[in-house]
Amino acid sequence: MSEREQVESVRPLWGMERRCPSSHPSPITHHPSRYILRSERGFTFIEIMVVVAILAILAALVVPRIMGRTDDAKRTAAKVQIRNVEGALQLYKLDNGVYPSTEQGLKALVEKPSVGVIPKKWKIGGYLPKLPEDPWANPYKYLSPSQTPIQNSGQSSGLRGEYDVISLGADGEVGGEGINADITNWNLDKD
């Protein structure tokens, strides 16, 4: 094969212009993948900044909506936990004929009480695996019998039930409004 034929066979491969027969194509400057890379470079700085700006606008619109929902989620979690405690209290009463006393507290659902009326048919292993805390890391309050009066037309007409299970809300204080409002077993369907 003559030198001219060699150069002619390399030209379509490397896409070179006609060169003198003694020169060899440089793989750095004339490699076919270089032409592919040149046409498929990356994103420009402007394109990246446009995408970042769009993401920032979306975050500014979405984040406030999501952030306000954490308080709602905690209140919902507290209501679910109170329902679970109520279920355990019902099982305790089925086995023992009475609810735990205020003195025994919710701890009676996890460990066999050693004060007050000692249950004779207390379930081995307890009624709850562990004593739950409300979503604000405070213990639930338990009163038995209930200390909350029923209000009818502004007049008290007895107590709400046989027990109260209470979360004091985000502030950990009795009373409050909004996210700080107390959550009790008798107002779970409120708000």
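Biologist: Which residues make the nonpolar surface patch of about 800 Å²?

Modeller: In this predicted model, the patch is made by F45, I46, M49, V50, V51, I54, L55 and L58. Patch residues have over 30% relative accessible area and no salt bridge, and nonpolar side chains (Val, Leu, Ile, Met, Phe, Trp, Tyr) are joined within 5 Å. A salt bridge is a side-chain nitrogen of Lys or Arg within 4 Å of a carboxyl oxygen of Asp or Glu.

Biologist: Why is V51 called partly exposed?

Modeller: Buried means under 20% relative accessible area and exposed over 50%, with partly exposed in between (1.4 Å probe, protein chains only). V51 has a relative accessible area of 48%, and is therefore partly exposed. V51 lies in helix α3 (residues 45-67).

Biologist: Which residues touch the most other members of the largest nonpolar core?

Modeller: They are V85, L89, L106, L109, Y142 and V165, out of 20 residues. Such a core is a set of buried Ala, Val, Leu, Ile, Met, Phe, Trp, Tyr and Cys residues joined through side-chain atoms within 4.5 Å. Helix α4 (residues 69-96) supplies the largest share, six residues.

Biologist: What is V165 in contact with, leaving aside neighbours within four places in sequence?

Modeller: Contact means heavy atoms within 4.5 Å; the partners of V165 include I82, V85, L89 and Y142.

Biologist: Where is confidence lowest, and where highest?

Modeller: By pLDDT, the predictor's confidence in each residue from 0 to 100, strand β3 (residues 155-159) is lowest at a mean of 47, and strand β1 (residues 141-143) highest at 94. Local features need pLDDT of at least 70, side-chain atom pairs count only at 80 or more, and totals for chains, interfaces and linings use all residues. Residues are numbered from 1 along each chain as its sequence is written, and side-chain values use heavy atoms, leaving out hydrogens and water.

Note on methods
Helices (H or I, at least four residues) and strands (E, at least two) are DSSP runs, numbered from the N terminus. Patches are made of residues with over 30% relative accessible area and no salt bridge: like charges are joined within 9 Å, nonpolar side chains (Val, Leu, Ile, Met, Phe, Trp, Tyr) within 5 Å. Accessible areas come from the Shrake-Rupley method with a 1.4 Å probe; for residues, only the protein chains shown count as cover.
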